[in-house]
Amino acid sequence: ELQINRFRRMEKGMRKRIESEPIDVIIPWVDAADPEWDERRRQYAKELGSVQESSNSVTRFESWDNLKYVLRGIEECMPWVHRIFLVTCGQIPDFINLECPKLRLVKHEDYIPQEYLPTFNSNTIEINYHRIEELSENFILFNDDLFPLQPIQESYYFKNNCICDEAVERALCPKVQELDSRVNMYRAVNIMILINKYFHKREVQRKNWWKWYYPGYGKKLRRTTALSHYYDFDYFSIPHMAVAMKKSIIKKIWELEPEVMALSSRNRFRNYSDVSQYLFRFWTLCEGDFYPRRTKGLYVDITDENCMEIADIIRNRRQQMISLNEADELRDFERVKQMLNRALAEIYPQKSIYEK
């Protein structure tokens, strides 16, 4: 009860109105149906060896042809967004309105150093975002599989220019997995080595106790409590939703760890020496410069069996946002793709300003 009262006092103090910085959105996108791009990807994967080829299967790049619904969802549910930065390897969606003042098309070569190009590694693409000159200090990292379904307030992501997020611990639990998951596990370990190098868990949580044990986290608090006896951070919960970020955090980490960041950026495909944008989010939590709130939204692995249920969730807008991830077990890709895109078209029938 004392902690709850303390939180309420702190929350009241943070409600003082401060003029907000503009908030941009970044969406990385690739047209996997482009035969030239696919041939280039396959050629580089072949040259780099079987590890890269097997850990970066075509499933990772399959095209769902529904980017326009992401943009329509942002326009309707997040009208306060300043600008959208669509990041591509040079491809341009045929429907996109390049004259739209709220849209910027950014090619990899526009901001990623030449020595890291070409890249087919989403980690390389994302950990260099601070180099996009026009990008605002406050931005939200989206993906092309995230679809807003309900109105989202600006204060869900930023309050008084402070990032809003949830600080929830979890155990990493390494185990024998398929190759792609093992690469991701190494990435997680690489990130946590850096986090624990610069932050001492007991000190971090003592300074911002009310943010780490915020009552609004609900049952998720059990995870943090269960790991309270650990002297170091093991890992953090990852909601797989759009995440608020600051350019200055990315710049700071590049300045502190240029060799680690450069090594990761040189990987044209996902590899064991990668770090990812999760590092920026975890760093923000450990610095304590965030406002606690519980993450909303639904992450789903799409299968042939649950696709009708997912389509129903979309039509009835049952979640604030939905993240559609293709499961390895998905067999009838085209049928499921058409079903989900029809559901998205029903709730977003009108073109957005980002379309021709």
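In what order do the 3 strands of the open sheet stand? The order is S6-S7-S11, with mixed pairing, where strands are DSSP runs of E with at least two residues and helices are runs of H or I with at least four, both numbered from the N terminus, and where two strands pair if DSSP finds at least two bridges between them.

This is a predicted model, in which local features need pLDDT of at least 70 and side-chain atom pairs count only at pLDDT 80 or more, while totals for chains, interfaces and linings use all residues. Residues are numbered from 1 along each chain as its sequence is written, and side-chain values use heavy atoms, with hydrogens and water left out.

Strands S6 (158–159) and S11 (290–292) are at the edges with a single partner strand each, so one side of each has no neighbour in the sheet. S6 pairs with S7 (residues 162–165) in the antiparallel sense over 2 bridges, and Cys162 in S7 is the bridge partner of Lys159.

Helix H2 covers residues 35–48, and the table sorts some of its residues by relative accessible area.

| Class in H2 | Residues |
|---|---|
| Buried (under 20%) | Trp37, Asp38, Arg41, Ala45 |
| Exposed (over 50%) | Pro35, Glu36, Lys46, Glu47 |

Seen down the axis of H2, the buried residues fall within an arc of 95°, taken from the directions from the helix axis to the C-beta atoms, so they line one face of the helix. The exposed residues lie on the other side of H2. At the start of H2, a side-chain oxygen of Asp34 comes to within 3.1 Å of the backbone nitrogen of Glu36, and just after H2, Gly49 takes a positive phi of about 115°.

Technical notes
Expected span 1.5 Å × (residues − 1). Buried < 20%, exposed > 50% of the residue type's maximum accessible area, 1.4 Å probe, protein only. Polar contact = N/O pair within 3.5 Å; in protein donor to acceptor, adjacent residues only side chain to side chain.
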